[in-house]
Amino acid sequence: MAEIPSEMRACVYDAVAPHGLTLKPSHRTPVSVSAPGRIFGSGNVVVKVHSFGVNPVDAKYIIGDKLPETWMEWCAKRVSGHVPGFDFSGVVVKVPSGCSCGYSVGDEVFGLADDPTCISRRYMNGSFAEYISPSLNQIAHKPASLSHSQSAALPLVGTTAVQAFREHGLKSGQRVLIIGASGGVGHVAVQVANLQGANVVAVCSGSNADFVKSIGASTVLDYRSGDIFSSIKSDATANGGYDLILDCVNSADSRDQEASYRTNILKMGPEVVKSGKGVDAHNYIVLGGGSLEWIAAGLKRFTSLNCFARNFELFWIKMPGCTSALEFIKELCDIDGGGGLKPNMTESDFTEENTRKAFETLRGRRTAGKIVLNIVK
């Protein structure tokens, strides 16, 4: 087993640096491991990161998507010094001794590097680093059919799609509308729903229509061509209403508020958004919203109490305990030897310039698929 260095390259949030990020060439390496506890503690391993994915939540300083836009400067200062990043794929280099944790040195794994709630009590050890120490309940064996860079594109967006569909009862044969279908979560959600037998109707720009059809959408509606809401209503009238709607666009960002998908679609009524017996009670699902909606989402996330109005819910991903979702993602990827789920992504080497460029691109909000940076070539 190769010796783990005491220092490593890692990016950290830096409120005064360009794009809020600095690459530190000698950051302390997390080298401790722990065995799973009988009651508390999931245990962890040390992983040498080969590739990591970059997500909008990273570019918004972990908590910025849950607060008003005017708070972004405060968010940057609040997380300064933390290592950002959730998505990773790599190789296990250290495991707890004297117990069976399900992994061995040399195993290829992917998953989510840390739990964001940790920032209230310690520095986050995110995936923008050469070594990480993820919890055992946030990792799984890497899809055999995918490279490390492909696998690193999937954990956050894949877990979001899988958990959201599971929680809201996606079934084969249902009609699912996915808004923002060419983006990070959207293009994975199209594939997850299609591979489970759903009939997927997708909303994206016309320039991405062929791609979205190729990954499983039966119908693609171009939001840039005419009145998108008339197109949605016409599709529902002709083919039936939607059992589930996954809105990957809605957020508190003023640019998203202009689109008003949620308001305009929900007021169309049950002919478009199904309601009643056999339909999930909160079947218009958004992944972003205002601060009060995040409070309601947190209440459900941590207490299971659902305070959202009928036909609507803001979904909050569950990171600790997400291994089941990751294992399902692996299964979907490895269908027919690799003929299943695949991410659309751009990749580059792990440098300070490329990491800052990734943040800049994501903040511009016109990214198709995912951005991945490679540490090990």
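Colleague: Does Y61 count as buried or exposed, and at what relative accessibility?
Modeller: This is a predicted model. Y61 sits in the loop between α1 (56-59) and α2 (72-78). The cut-off for buried is under 20% relative accessible area. Y61 therefore counts as buried, at a relative accessibility of 9%.

Colleague: What is the phi of Y61?
Modeller: Most residues other than glycine have a negative phi. Y61 is not a glycine, yet its phi is positive. The value is about 60°.

Colleague: Which relative accessible area does I62 have?
Modeller: I62 also lies in the loop between α1 and α2. Its phi is positive, near 70°, and it is a residue other than glycine. Buried means under 20%. I62 is buried, so the figure falls under that cut-off: 4%.

Colleague: How many residues of strand β5 are buried?
Modeller: Strand β5 covers residues 108-112. It is mostly covered. The count is 4 of 5.

Colleague: Which residue in β5 is the bridge partner of G90?
Modeller: Strand β4 spans residues 87-94. β4 and β5 pair in the antiparallel sense, over 5 bridges. In β5, the partner of G90 is V109.

Colleague: What stands opposite G111 in β7?
Modeller: β5 also pairs with strand β7, residues 139-141. The sense is antiparallel, over 3 bridges. Opposite G111 stands I139.

Methods
Residues numbered from 1 in each chain as written. Predicted model: local features only at pLDDT ≥ 70, side-chain atom pairs only at ≥ 80, totals over all residues. Heavy atoms only, no water. Helix = DSSP H or I, 4+ residues; strand = E, 2+ residues; numbered from the N terminus. Buried < 20%, exposed > 50% of the residue type's maximum accessible area, 1.4 Å probe, protein only. Pairing = 2+ DSSP bridges.
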